[in-house]
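Keep the structure open beside you as you read.

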Amino acid sequence: MIDQTNFTGQMSTLPKTPTGITGLDEITMGGFPSGRPTLICGSAGCGKTLFSLEFIVRGALQFDEPGVFIAFEEKANELATNVASLGFDLNKLQEEKKIKIDYIHVDKSEIEETGEYDLEGLFIRLGYAIDSIGAKRVVLDTIENLFAGLSNQAVLRAELRRLFQFLKNKGVTAIITGERGESSLTRQGLEEYVSDCVILLDHRIINQISTRRLRIVKYRGSVHGTNEYPFLIDEEGISVLPVTSLQLNKEVSTNVVSSGISTLDSMMSKGGFYQGSSILVSGTAGTGKTSIAATFADATCKRKDRCLYFAFEESPNQIIRNMGSIGLNLQNHINDGLLQFHAARPTLYGLEMHLVAIHKAIRKFKPQVVILDPITNLITVGTVSDVKSMLVRLIDFLQEEQITVMFTALTLNTIVNEQTDEGVSSLVDAWLLIKDIELNGERNRGLYIMKSRGMQHSNQIREFVITNDGLDLIDVYLGPDGVLTGSAREAQMLLEETGEVLHTHAISRKDRELLRKRKVLEAKIDSLQTEYESTEEELNKVYIEEEIKKGVMQQTRNKMTEIRRGHSTPDKNTKADKKE
Amino acid sequence: MSAEENTMSDWDMQQDSVYALRLFVAGTSRVSVRAITNLKEVLEQHLKGRYELEIVDIHQQPEMAREENITAVPTLIKRLPVPKRLLVGDMSDKQRVMKGLGLINF
């Protein structure tokens, strides 16, 4: 009746009660259906009791909803001891009347059934417990135990049906736990009675590594995640991990972060990686993948950003020592609280657990950069597709949080591992590949950018050198024999330097010759000029002489005329000239 | 509690005879009423004067139901003589009632 009013009151959404269990509310889109029973089933040791108990405790602590826990398996003080390690103080909560634990025990050996009966005792105790603390949440763990103690199935089934109706009438959000049956979800078919929400817990061992998983079998009237979600039980309770975010609608950043190697940054048009992108560094053994990762971490910390480093191969101390040899002081960053290492052997637990552990560490430390070194080691605990799906989820999560992530991957020349590369490569935004270049009896490293989404990048192979002062990239030489690296490159450089000197020398000699030629020519021009001048002068001299001669002759003639006439006038002289 | 102590001392004195019984019923439901009638019949027939019967209505005393760990109703708890036994049901199966009370063996 209560849920009916809820239905008519809020047509659009089913009211939900948050569980407070990390991740579970995201999968169920808000929690369990309010005022209805939810069935949690699973085999022994998969965490049913803890799950339901956490529901009660979180309800009491976080949502101010008192809860009743009816235990059919363990006594109240046993329960309290069991969960004390998770930091739940059940005794204190009971004293504060926030929870109430009732232990119902039915022992077949001391019971004689003498006729018709019902389970009114259970109802009264439950009703009393609910009313005495105003409980909003109820857990029945595990009600199937009644079937072991009492033999009248017909009565039990009828009473169970009545019980669920009773719980609905009380308006409490209930969890019923049930042991997994061979062919059905629960041994006694409890799923017949609880039809609103059924959650299946599973505890699987693959390759000697156990993983707990959770699946929502059904959730009437609500959208929910349908996958199997791994969950982790640790000192903080249960954490469920959403497998993948359902949409690809993450925020993207145009900010760029430096790789810590300036020459590498310059190979990309934006001068680094996009913030929140994923970067894969792959290469064969000993190519310096960890060095690149550590340099990236160092650069991050120098920007005063936080970096979380997951090491699956080496211990933090080993990495710190080794990176000291290339001039990186990671210990300083650790001391400053900017760098944190999480080292774990991959075989410590299953992939899912790794993922959950990574999630938790990230949520706690809130880094801007995460490094996983190397992801290929994870293959030891899962198949290629497992690792891929794990990484998809991790990348999803990191992109949502705008965290830049760098993976390193070891490539061997075997098909399986190449597949890993291929598998992951479609997920990552940038892929740096380090290759061994064997030439002239030595092995050198060549680095190139396989891809870099959203920016132009150099298509060249650069030689990747590890020096005492860090990492550097050098242009490799393209000689007539192909790419030159290492000493061959040095030799080529020397050769070219020599050539340069010779060339310069040759040029200067030519210049001088030219100069000399010019001088000769100029000298020639000078002498010609002089020659011309003298010729001209000669010519002028003749001309002037002629003039002078002419003048003188005229004068002489005039004088002659004068003389002939005796003392005639110059005019007459002229007439006389004409007459002649 | 005082009644219980009494029966304890009674039991100490007269070794085999006194039955300390407590019957839990739920109000005046059909099975509860039947259980009371049937039980009294058996007791009067076989244990006349040698029993103490307390009838508890768990509707009235829900805390008692918790203390005595009552799930099914009606339940008769035979505390004495030991061993403790629980008789569940409306007591219509007389053979089983007798067996539960330790009056017959089979």
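Which strand of chain B do 3 bridges join to β6(A), and do the two run parallel or antiparallel? The partner is β4(B), residues 85–88, and the two strands run parallel. Keep in mind throughout that this is a predicted model. For a landmark within that pairing, look for Glu112(A), whose bridge partner in β4(B) is Leu87(B).

Now step back to the interface as a whole. Chain A brings 26 residues to the contact and chain B brings 30. The size of an interface is often given as the accessible area lost when the parts come together. Here the area buried between chain A and chain B is about 2,400 Å², and carbon and sulfur atoms give 50% of that. On the chain A side, Glu112(A), Thr114(A) and Glu116(A) supply 31% of the area that chain A buries against chain B, more than any other three residues.

What about polar and charged pairs? Side chains of opposite charge can pair when their charged atoms come close. Across the interface of chain A and chain B there are 6 salt bridges, while over all chains the count comes to 31. Counting polar contacts between chain A and chain B gives 21 residue pairs.

Which elements of chain A make up the side that touches chain B? β5 (99–103), β6 (111–113) and α6 (120–133) each supply at least two residues of it. Of the elements, α6(A) gives the most, with 6 residues. By residue type, that side of chain A divides into 12 nonpolar, 5 polar and 9 charged.

Next, follow β4(B) back into its own chain. Chain B has 4 helices and 4 strands, and along the sequence they follow the pattern α-β-α-β-α-β-β-α. β4(B) pairs with β3(B) in the antiparallel sense over 4 bridges, and the two form a hairpin with 4 residues between them. Within that pairing, Ile77(B) stands opposite Leu86(B). β3(B) also pairs with strand β1 (residues 19–25) of chain B, again in the antiparallel sense, this time over 5 bridges. There, Ala20(B) has Leu80(B) as its bridge partner. Is β3(B) largely enclosed or left open? 5 of the 6 residues of β3(B) are buried, so this strand is largely enclosed by the rest of the structure.

β1(B) has a further tie. Glu68(B) forms a salt bridge with Arg22(B), the closest N and O atoms being 3.0 Å apart. Glu68(B) lies in the loop between α3 (62–67) and β3 of chain B and Arg22(B) in strand β1, so the pair ties together parts that are 46 residues apart in sequence. Glu68(B) and Arg22(B) are both buried.

That leaves the rest of chain A. Chain A has 17 helices and 25 strands, and 49% of its 580 residues count as buried. In chain B, 47% of the 106 residues do. Among contacts in chain A between residues at least 6 apart in sequence, 68% join residues at least 24 apart.

Ser452(A) is found in strand β21 (residues 442–452), and counts as buried because its relative accessible area is 8%, under the 20% cut-off. Leaving aside neighbours within four places in sequence, Ser452(A) is in contact with Met268(A), Asp429(A), Ala430(A) and His457(A). Arg303(A) is partly exposed at 32% relative accessible area, and Asp305(A) counts as partly exposed at 21%.

Definitions and conventions: Residues are numbered from 1 along each chain as its sequence is written. Chains are lettered from A and ligands numbered from 1 in the order in which they are written. This is a predicted model: local features need pLDDT of at least 70, side-chain atom pairs count only at pLDDT 80 or more; totals for chains, interfaces and linings use all residues. Side-chain values use heavy atoms; hydrogens and water are left out. Contact means heavy atoms within 4.5 Å. Buried area is the accessible area (1.4 Å probe) that two parts lose on being put together, summed over both. A salt bridge is a side-chain nitrogen of Lys or Arg within 4 Å of a carboxyl oxygen of Asp or Glu. A polar contact is a pair of N or O atoms within 3.5 Å; within protein, one must be able to donate a hydrogen and the other to accept it, and residues adjacent in sequence count only if both atoms are side-chain atoms. Ala, Val, Leu, Ile, Met, Phe, Trp, Tyr, Cys and Pro count as nonpolar, Asp, Glu, Lys and Arg as charged, and the others, Gly among them, as polar. Two strands pair if DSSP finds at least two bridges between them. Buried means under 20% relative accessible area, exposed over 50%, partly exposed in between (1.4 Å probe, protein chains only).
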